[in-house]
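Good morning, colleagues. I would like to take you through one structure, beginning with a single local detail and then widening the view.

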Amino acid sequence: MPTQSNVNPSDIQPNQKSQRRWLKDAGYSDFNHFMLSYGLKMYNDDDVEEAHAILSCLRQADQATVWARGVTIARGTGVVRETINHCSNFAPLWLTSFTFPIKGTFDMFSYIVDWLLYLQQSVLRLKLQSFGLFSRLTSPFREKLPFLSKRPNDLESKIQLDISEGTSTCETYTVRLQPQHGLVVLGVGAAGQVYNVSDKIVLKTCRIFAPPSSDASRSDLWHYASDTLFHFNLLKDERTVLKLLQNRPHPHIIQAIDINQPEGLYLHRYQQLPVDVKSTQARRIRLYRDIADALCHLHSLGIIHADIRVDNVLFDDQSLAILCDFSAASPCGQPNPVFPDLPLPVNGPSPILSEASDMFALASLIFHLEHGFAPKLSLENGRLALPELKSGDPCIDEIIQTAWLGNYSRTSDMVYHLALIDAQTNHYAESLEELPDFEDLKKQVTDWKNYRKQKFGCVLEGILSEEQLKVLAARYDMDPNADLRFPHDSLLFMSSIYPDGYENFPWALPVRALHDSQSMDAALISLLDSFSTATTSSIVAIIMFKKKPTIKNLSPLRSSDRRKIADQIISDYKIEIPSHPPAEPSGDDSSTANPALPTLSTIRNSLIPENCLSARFTTTAGPELREVQGTVYVGTHSDGEERVLWFKIEHGPGVDGRLYPTVYTLWHNPKLVPLLHTPELVMRKLHGGADLMTPGLADEPPFPERAVKDAVVAVASLDRETVPLFVGICEIDISALTEVRGTKGHAVRGLHWEGDELWAWSPSSRPGQPAPEYIQGWSDEEEDGEGEAGEIQEGVEGLALGDRETALAVSSAEQVGEPSDEQAEEAPEIEEKEPTTKEIDEAFEKAFIYSLYKLKQDNPSAPNHGLSLPISPSALISNMITPYLPIYSAQQAQYYQIKKTSWKNVKKFIKYLDKQALVKSKDRSGQETVILDVDFDDRRVGEFVPYRIPSRSALEGPGKSSTAAGKKPATSSADGDPSVGQTLTVQNLYRPTSKLTPTIFPSLGSSNPSNYYKYSDVSTHLDQYIQSQNPPIVDPANKRILSLNPFLANTIFTSSSAEDKTTISRGKTTRDFLLRRLVEDSSMMAPHYVILKPGQALADVKPKAGAAPKATITLERRTGSKTVTRVSNLEVFGIIPNLLAEELQKKCASSTSVSQATGAPKGVMEVLIQGDQRKALETALTRRGLKSQWVEVVDKTKKKK
């Protein structure tokens, strides 16, 4: 510890001051503030070097020209003043009358000298500032100046600051960083260093300075203490922010592993901006949305990031954006340094940090990524001068301009607009990857620290404890907390008692935006205010299906398993099974039972339909993205579409062994669970993944009796009070509540809602079904006094099982002595006899011959009868064996498998076919056996007698019993392709920019449908403008020739192209060239398009920016002579790739696959078909409404010339 020394800062010369002290005395808050005043950026190495050179020059000038001269003059004036005072004290009385005027004149002279010195210093500083700005524009000028020569940065390169190259030779204070042994530096910034710990962990620490030597000067000791306290306080501020974020995490904010260690902050390691994010605008839009969402969460805690730059955005292994580096974060309301004559700081022109500051910086980041260079922003006459926006998307340009102008009231508004354009782009699904356990990461930190201590004696050299910092501050009479932006980290955790938003945090502004009480109910506003912070903090804590789960292949349920699952649901949800009352004596003996009451069988079918399938799923939940595994049950209700009806969590957080219903099940089974209600505005919060808070309950007590703690409940909005839209678990006993006003805390923890990925999932890739407007049976007023049996009956009769005729048919069967469905279900299942191995072998061989027979019959003249060669093992089984196996039930599907044959695998089966002379096979280098040729002329193929094969529905869902009387069969996915037969209209539109309004086009908003014009409308408006000009601009001799007026010359023909220059020089143009010039220049007419379906008009569809899309068909060669056909960009035309692939598989008799399109945003799929199938594809696309001009064919099989 340095020895104690009392130093007066005013006695220190300018070149003896530390860098930080000189900046403080000069009026700058820190080095970054100094750089911003010269328009320099901290993250640019050249700018940092230039800033240090300017700073060195300023300090030398202060010492040489101002301070030293001031001391000399002060000493001279001091001698004169002492002489005059001495004469005044000892001179005779007659001489005193002469000394008084001399003394007054000298005092005035000394004041003038002081003023001149101050003026000289100001002029010098102004010259250097002007030089700093000018030198950035003229690099040759910089090279001529000696103090801007290239040399390493003292802090960035860990080399001591050396300013002795100038004219001053006075003693200087040098900044030396404490060297650290055995550490790899990953990054260096103004606030500290980042060291590598492992492939998953980094250590961020503040700048640690080496203590001065024992013979150091008193100024060195004082500056060491000052700089050390300052940088340790930077680390304290960032630790304070990260502590709060640990309690309230966000998926797009950096995750802290251990921040309570004295050496620094242990953080999760991320990577820099991936190239693929920069390559596509859709990925960039998702990046902007994620960062804005992270800022919205940060602002809800009362914190401003204050340093939004590209360097502070990292990415995890799944390419998700992560906001990091909170060293500059400040409480809302802190000052933001702005200088009128200098470039704007990154946070905008506002003198106070607020949400608008971060949005301003985010807009600059968006501009930078969209245009490839940073924006040039400045204040001109008190107004913000904006650069021209040319991102190619007018929506993005509008968001940038709105954020720059500060027209967003809250960050959530910016998030909303970014979400809108994100939804318009080709959406991609985010991949899910399990992150390592944080406990394991903490153990790695402990092991790394122990290793450092054993090898080097400490983790980091030069680290001071909190007590040592206090002693250091006391010795030099300093306040250890003078530079802290956050008063104390304990204040952050007062957020637990301030659930009403960040306005109540101790460091936040006392004034908040007021709501308009006339447009919204005051009670509802109060509810939302108390709801906002809790929902924001809980979004990541409960989300399970906000990201798309990974669902494996579906498999059929055995009848016995289906009954067991249904009985478990009946038991868990306490569904009463009605018993038939005794028959009443009457003249009609046929009426022996009540046919309206449901039976056990009908209730089971309503809960778990007969065609139900099951599959395993994997997803993640919670802020740590813990893996969740379970089972989903997929079935079909009366609407004919397969949907997830139930899900069960079997591994991960929330495991309790229960089956949870989806909204599809609740829409078909009223009163299955208790129903709660909430306002529509709160329901929107729930659809974002938030919990339902107790103040959000809209019903008045008493609440449903079954809504006890841990019970499964549904939530509906007050606008549609009979339609459940949200499924969750009660966190408290809601049935016991007597009052909800003034209460706090969570009421329902969300699991699933309409709009999440589980709702949107479908085996056929169809979009999710929207909720109905009204569902009979959920209203309490409909069935007051009726028991639960009647409620289940409503669901069974009205929505799940169809007409009452089914129950009547069951009753009539009972009357004639036939066994009822219930009795049949209760009877033991009759298992089919398992075929022998020889019978299974014969079935596989016959299936192969049947496929050859079918190809020969359907394609008699096609080469190889339409069969694409060679045939891989997977294509053989999926396309030529499975469709022709005699499988008619779920049990048979378990028997007829390749592993049940005598061959055991496909390779041996192909070898057997080769021995039978049916095929010619070959073993490839990868140990894969393929079929090179097939003998269609074999006698067995010609003499083959076809047999009955199962229908498509039996193949998709084996075990599905035949359709009962009066029950409509489910529509297959092939017959239900919604895109087949559709009529599409693609229209190109143009939206005029501000250059052409209101001169040629009227001034309308971008959301106004009338502001989008067809090509003919543009031509009409141009003609109207030409005819309205006075004097006329039409050439009397040739009406196609136009003379340029000032508007056309200064607005239209302003580019540097040869055509525009020629037009300006001639002063004339043609009308057709002028029209083409308007529509081809996006800066004047922004191109848009719409895709209209039957019955739609332009007013019904919002135009999308850009040129009209096309479906792309690509032909290419693979592995020699093998040709494949790929088609992509189908989703924009409403075509479902999976259904198209199924159709092409049949028509082309070739294998197909659906996968992520190469080079396209995630979620854009492509269909791959074996062989050259362009004609079949064009026919299939024509059936789906696509014209030839909307299809682009790229043939890569042609040889290059």
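Predicted model: local features only at pLDDT ≥ 70, side-chain atom pairs only at ≥ 80, totals over all residues.

Please look at the start of helix α10, where a side-chain oxygen of D393 comes within 2.9 Å of the backbone nitrogen of C395.

Helix α10 itself covers residues 394-404. Is this helix mostly covered or mostly open? It is mostly covered, with 8 of its 11 residues buried. The buried residues of α10 are P394, I396, D397, I399, I400, T402, A403 and W404.

Let me now turn to the interior. In soluble globular proteins, nonpolar side chains tend to be buried together. Here, the largest nonpolar core holds 73 residues, and the members that touch the most others are I254, L287, F326, L362 and M414. Which element gives this core its largest share? That is helix α6, residues 218-247, with 11 residues. There is also a second, separate core of 68 residues, including A714, V715, L758 and W761.

Finally, the chain as a whole. It contains 35 helices and 34 strands. Of its 1201 residues, 48% count as buried. Among contacts with a separation of 6 or more, 66% are between residues 24 or more positions apart.

Thank you for your attention.

Conventions
Residues numbered from 1 in each chain as written. Heavy atoms only, no water. Core = buried A, V, L, I, M, F, W, Y, C linked by side-chain atoms within 4.5 Å. Buried < 20%, exposed > 50% of the residue type's maximum accessible area, 1.4 Å probe, protein only. Helix = DSSP H or I, 4+ residues; strand = E, 2+ residues; numbered from the N terminus. Contact = heavy atoms within 4.5 Å. Polar contact = N/O pair within 3.5 Å; in protein donor to acceptor, adjacent residues only side chain to side chain.
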